[in-house]
Amino acid sequence: MRMRVLFAARDGLWPEWSPVLARLAPEMVLVRAEDAAADPAGIDAILYAPGGPVEDLSPFVNARLVQSLWAGVERIVTNPTLTQPLARMVDPGLARGMAEYCTGWALRAHLGMDGYAQDGVWRHGLTPPLAGDRQVTILGMGELGRAVAAMLGGIGFRLAGFSASGRPVPGVQVFGPDGLDQALAQAEILISLLPDTPGTRNLLDARRLSRLPKGAWLINPGRGTVLDDQALLALLDSSHLGHAVLDVFRTEPLPPAHPFWSHPRVTVTPHIAAETRPETAAPVAVENLRRAMGNRPVLYLVDRERGY
């Protein structure tokens, strides 16, 4: 079945995505925004990423699906012109990248790598515990949280998790909505993978961050809105927290004058923890487009009320 699909993403993504999509779905006619303007009613589906040329989705009255090319959908789910079904991207390459990022930084924290300054001082006695004696807590036990847990669990870390559903995850002690304080209190390394929703904004405020054990590390590659920046800085300054690895921020790029850049207990990475890779993500998008065109259930459909 032929399908006309609008590529509603910034121009720089076209050369990355279009060859892969053409190879995987020869029945697809991929259309740029300027070409769709003449006949928006002829568009069968939309591939969407923030920052592209299309914000008003109302002309695309016959589109059966808006497939996000990003895992996060907070920048489209509240769009008042969105009336079509919306699916988030669950990319196995993105999940693997996130797991590798979190594992790398968790190992840096666990092994105390920052304690070995190359200054001629022989610091014997810094031997860390084994991973089985180290507690890691993951906030958000969706696709990404489970991928991170699987990799960390393979190393041997003791794992706890927090999720709104409290759904069980093998090898992880999962806390539901009423167990957040308990999950934080045992987190020597805290990894936040929570989405940006009204219920998660500023969730990690001064009170909750202070629940973390003294010297705990925070790794946040989820969403910057979850974190109270000033509360984090205060707890780092007091040495209650050991270090923060931050990949996401309320304003991106992070302004050069922001205190995170110069703080000795903060590591900034430029939103690179988990990139969507066309080679692994395009098959997911194509499968969903074919499902929508064939009136079959769509994968990873977004719940508008929950926001993800």
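Within helix α8, E287 and R291 lie four residues apart, which is about one turn of the helix, and their side chains meet in a salt bridge with an N to O distance of 2.8 Å. The model is a predicted one, and the count of salt bridges in it comes to 15.

**The pair within helix α8**
- E287 is partly exposed, its relative accessible area being 29%.
- R291 has a relative accessible area of 19%, and because buried means under 20%, R291 counts as buried.

**A pair between helices α8 and α1**
- A salt bridge also joins the side chains of E279 and R23, with 3.1 Å from N to O.
- E279 belongs to helix α8 (residues 278-293) and R23 to helix α1 (residues 14-24), so this pair ties together parts that are 256 residues apart in sequence.
- Both E279 and R23 are exposed.

**A pair between helices α6 and α5**
- R207 and D181 form a salt bridge in which the closest N and O atoms are 3.0 Å apart.
- This pair links distant parts of the chain, with R207 in helix α6 (residues 206-209) and D181 in helix α5 (residues 180-185), 26 residues apart.
- R207 is partly exposed at a relative accessible area of 44%, and D181, at 25% relative accessibility, likewise counts as partly exposed.

**A network**
- R134, R158 and E188 are linked with one another in a network of salt bridges.

Conventions:
Residues numbered from 1 in each chain as written. Predicted model: local features only at pLDDT ≥ 70, side-chain atom pairs only at ≥ 80, totals over all residues. Heavy atoms only, no water. Salt bridge = Lys/Arg side-chain N within 4 Å of Asp/Glu carboxyl O. Helix = DSSP H or I, 4+ residues; strand = E, 2+ residues; numbered from the N terminus. Buried < 20%, exposed > 50% of the residue type's maximum accessible area, 1.4 Å probe, protein only.
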